[in-house]
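Here are my notes on this one, in numbered points. Have the model open while you read, and see whether you would walk through it in this order.

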Amino acid sequence: MKLYVIAINIMLCLAFNSYSQEQEDSSYDSTAKEVYEFQEKGANSKDIVPENWEILSEAIGDLNGDGFDDLAFFSRRSIKSDSENHYTPNPIVFAIYWGKEGGFTQYKLYEDLVSPEDGPIYYEDLSVNIPVKRVLTINVKVFLGYGSWTNPNFSVKYRYQNGAFYKIGYVADEFHRATGDAHDVSINYLTGKKRTILYNVFEDSIPKRTEWETINEPLTELGSEPIY
């Protein structure tokens with residue numbers, strides 16, 4: 001009888017431990033906000049990013065018009081998993097640092113500007129350019145391994161004014177891999193004009209046509225919404 005009671009107790013303990021582990025696993029929040037320890041100052045992007053982070057793309061140029069070259073870059077954590085039981089897609093941070101003599105000082109980090117790569121979804125291009133003073137261009141080209149007939153491919157242009165970066169332009173092209181139907185979109189938010197060119201990449205006999213729209217949208221600030 002005593003051995004029977006001991007066996008029952010052992011079984012109950014094992015069941016309780018298993019339930020506790022399941023509850024702990026189910027309580028894991030994959031969307032929990034992480035804190036990334038980027039340096040406030042640095043001589044270059046590699047000095048700034050945390051350990052085990054890589055630089056995807058960077059650009060140097062005068063973004064705020066003060067005569068000093070500034071720094072903008074995309075960085076991604078290179079660790080694949082934060083535990084044995086849970087996979088967390090590598091986060092991607094976009095950073096802007098003002099330049100002064102002797103190095104760069106943090107202006108702002110954008111932690112939710114683009115989605116992390118996850119499984120069959122990855123970036124063929126995720127880059128930043130500074131084509132002219134005060135202007136920042138972000139280029140995005142996404143490859144979707146399955147579940148989609150199209151792959152996003154676009155560029156967003158921002159200009160520094162009134163103490164912040166505001167979206168002034170958008171250019172995108174996309175086509176359907178099965179039908180060949182394609183469109184190119186160009187938006188100038190300063191003039192309020194949107195142009196769409198429709199065509200087919202498989203059939204030259206289908207004529208291109210151009211559509212124009214007038215849009216009335218306020219300029220949105222960089223970081224106020226994800227770009228992908």
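1. A word on terms before the sheet comes up: two strands count as paired here if DSSP finds at least two bridges between them. Also keep in mind that this is a predicted model.

2. The overall layout. The chain has two helices and twelve strands. Read from the N terminus, the elements go α-β-α-β-β-β-β-β-β-β-β-β-β-β. Of the 228 residues in the chain, 36% are buried.

3. The five-stranded sheet. In what order do the strands of the open sheet sit? The order is β1-β5-β4-β3-β2, and the pairing is antiparallel. The edges belong to β1 (41-42) and β2 (53-61), each of which has a single partner strand, so one side of each lacks a neighbour in the sheet. As background, strands of a sheet pair through backbone hydrogen bonds, in a parallel or an antiparallel way.

4. Strand β4, from both sides. With β5 (residues 103-110), β4 (residues 92-100) makes an antiparallel pair over seven bridges. With β3 (residues 70-77), β4 is joined by six bridges, again running antiparallel. I96 is a handy residue for seeing both pairings: A72 has I96 as its bridge partner in β4, and I96 also stands opposite K108 in β5. Next along, Y97 is found opposite Q106 in β5.

5. How enclosed is β4, and why? Eight of its nine residues are buried, so the rest of the structure largely encloses β4. The cut-off behind "buried" is under 20% relative accessible area.

6. The β4-β5 turn. These two strands form a hairpin with two residues between them. In the turn, G102 has a positive phi of about 100°.

7. R134 is not a glycine, yet its phi is positive at about 75°. R134 sits in the loop between β6 (121-129) and β7 (135-144), where it is partly exposed, with a relative accessible area of 32%. N162, also a residue other than glycine, has a positive phi near 55°. Its loop is the one between β8 (153-161) and β9, and N162 is exposed, with a relative accessible area of 72%.

8. The second largest pocket. Its volume is about 160 Å³. Which residues line it? The lining consists of E124, K141, W149, T150, N151, P152, N153, D173, E174, F175, R177 and Y199. Strand β9 (residues 164-175) contributes the most to this lining, with three residues.

9. A nonpolar surface patch. F175 turns up again here: together with V201 and F202, F175 forms a nonpolar patch on the surface. The accessible area of the three together is about 270 Å². V201 is placed in the loop between β11 (193-200) and β12 (209-214). Is V201 buried, partly exposed or exposed? V201 is partly exposed, with a relative accessible area of 38%.

10. Where I would look again.

Key: Residues are numbered from 1 along each chain as its sequence is written. This is a predicted model: local features need pLDDT of at least 70, side-chain atom pairs count only at pLDDT 80 or more; totals for chains, interfaces and linings use all residues. Side-chain values use heavy atoms; hydrogens and water are left out. Patches are made of residues with over 30% relative accessible area and no salt bridge: like charges are joined within 9 Å, nonpolar side chains (Val, Leu, Ile, Met, Phe, Trp, Tyr) within 5 Å. Accessible areas come from the Shrake-Rupley method with a 1.4 Å probe; for residues, only the protein chains shown count as cover. A salt bridge is a side-chain nitrogen of Lys or Arg within 4 Å of a carboxyl oxygen of Asp or Glu. Helices (H or I, at least four residues) and strands (E, at least two) are DSSP runs, numbered from the N terminus. Buried means under 20% relative accessible area, exposed over 50%, partly exposed in between (1.4 Å probe, protein chains only). On a 1 Å grid over the protein atoms alone, a cavity is a set of points where a 1.4 Å probe fits but cannot get out, and a pocket is an open set with protein on both sides within 12 Å along at least five of seven lines; lining residues have an atom within 4 Å of a point. Grid points are joined across faces, edges and corners, and a volume is the space filled by probe spheres set on the points.
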